[in-house]
Amino acid sequence: MGLFDGLRRGREAQFDSGDASTNAIELTKRRAQISLTKQGAATGHLRVNLSWRMRTSDFGGSQRESLLRHPFRALKPPEVVGHSQSMVNVDLDLGCLYELQDGSKGVVQPLGGYFGDTNAAPYVKLSGDDRFGSASGETMYINLDHRDNIKRLLVFVYIYDQTPAFDRAHAIVTLYPSNGPRIEIHLDERQPQARSCAVVMIEKVKNEIIVRREAKFVYGFQAELDRLYGWGLQWGRGYKTKVDR
């Protein structure tokens, strides 16, 4: 084993151990990917959760007091709270573009009712559609017992009502593997005009299941994400049925 191999393995071991205080790994630009296979988590159901809260700075005026009176407040991140219908209504949706080893491609998303299946192709299923930013958010399940049938999965988030609001919502996508710490991707970048975001790619690379942070914001919707990643699907306009809260 060479010196650089030893250094690489040392970094991986440090990264794979996660955060002892939160039992979580945050994927960032600097540390953008992790192997579920090396974590012993490439089997069972991988749960993917989207949750979001509105930023308090978006309504009710400024929440910050004078920095002269409270100088340490400048070091604190923007506060976020749950939102109600009287506040800004933002409907973030969780979706997944899939490509299987047999060449079949498609999408799992609330729009159009493409909720998928975990026991048959595409081995991805969306549990439901959260339109109000509840504490549980939206959840997707990926059956990694069928990992040999999966080529790549692109988990994405989009804003259904076409109102750009990623800069007003604090969104987190969290992956819960069958083993080891959870994996978090924070969508904190201020992108006021973005309507969609490619969050994370899950793909089979040399017999390993790799999770890689993308966090790429685009100004369009699924069709633009498709073009960006070369999926080659045909897209049309879709609508949701109205619901009462």
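Among contacts in the protein between residues at least 6 apart in sequence, those that join residues at least 24 apart make up 69%. The model is a predicted one, and it contains two helices and 14 strands. Of the 245 residues in the protein, 44% are buried, while the exposed surface comes to about 13,100 Å², with 48% of that area supplied by carbon and sulfur atoms.

**Strands β1, β11 and β12**

Strand β12 (residues 182-187) pairs with strand β1 (residues 24-26) through three bridges, and these two strands run parallel. Within that pairing, Ile25 has Ile183 of β12 as its bridge partner. Strand β12 also pairs with β11, here in the antiparallel sense and over five bridges, and Ile172 stands opposite His186 in this strand β12. The strands β11 and β12 form a hairpin with five residues between them, and in the turn Gly180 has a positive phi of about 90°.

Thr174 lies in strand β11, which spans residues 169-176. Leaving aside residues up to four places away in sequence, Thr174 touches Arg47, Val48 and Asn49 as well as Arg182, Ile183 and Glu184. Thr174 has a relative accessible area of 6% and is therefore buried, the limit being under 20%.

**Helix α2 and its cover**

Helix α2 (residues 222-229) has Gln222, Leu225, Asp226 and Tyr229 as its buried residues. Because they cover an arc of only 105° around the axis, these residues are on the same side of α2. An α-helix has 3.6 residues a turn, so residues three or four places apart point the same way. The cover over the buried residues of α2 includes β5, β10 (150-159), β13 (196-205) and β14 (208-218). Just after α2, Gly230 takes a positive phi of about 65°.

The peptide bond from Ala121 to Pro122 is cis, and its omega is near 10°. Pro122 is found in the loop between β7 (116-117) and β8 (124-126), and Tyr123 lies in the loop between β7 and β8 as well. Tyr123, a residue other than glycine, has a positive phi near 65°, and with a relative accessible area of 12% Tyr123 is buried. A positive phi of about 50° is also found at Ala215, although this residue is not a glycine. Ala215 lies in strand β14, and at 9% relative accessibility Ala215 counts as buried.

**Salt bridges**

Side chains of opposite charge can pair when their charged atoms come close.

| Salt bridge | Distance, N to O |
|---|---|
| Lys151 and Glu99 | 3.5 Å |
| Glu214 and Arg212 | 2.8 Å |
| Lys216 and Glu214 | 3.7 Å |

The side chains of Lys151 and Glu99 meet in a salt bridge, and this pair links distant parts of the chain, with Lys151 in strand β10 and Glu99 in strand β5, 52 residues apart. In terms of burial, Glu99 is buried at a relative accessible area of 8%, whereas Lys151 is partly exposed at 38%.

Glu214 takes part in a salt bridge with Arg212 and in another with Lys216. Glu214 counts as buried at 9% relative accessibility, whereas Arg212 counts as partly exposed at 25% and Lys216 counts as partly exposed at 39%. Salt bridges that share partners join Glu203, Arg212, Glu214 and Lys216 into one network.

Technical notes. Residues numbered from 1 in each chain as written. Predicted model: local features only at pLDDT ≥ 70, side-chain atom pairs only at ≥ 80, totals over all residues. Heavy atoms only, no water. Helix = DSSP H or I, 4+ residues; strand = E, 2+ residues; numbered from the N terminus. Buried < 20%, exposed > 50% of the residue type's maximum accessible area, 1.4 Å probe, protein only. Contact = heavy atoms within 4.5 Å. Areas by Shrake-Rupley, 256 points an atom, 1.4 Å probe, with all protein chains shown as cover. Arc of directions from axis to C-beta. Pairing = 2+ DSSP bridges. Salt bridge = Lys/Arg side-chain N within 4 Å of Asp/Glu carboxyl O.
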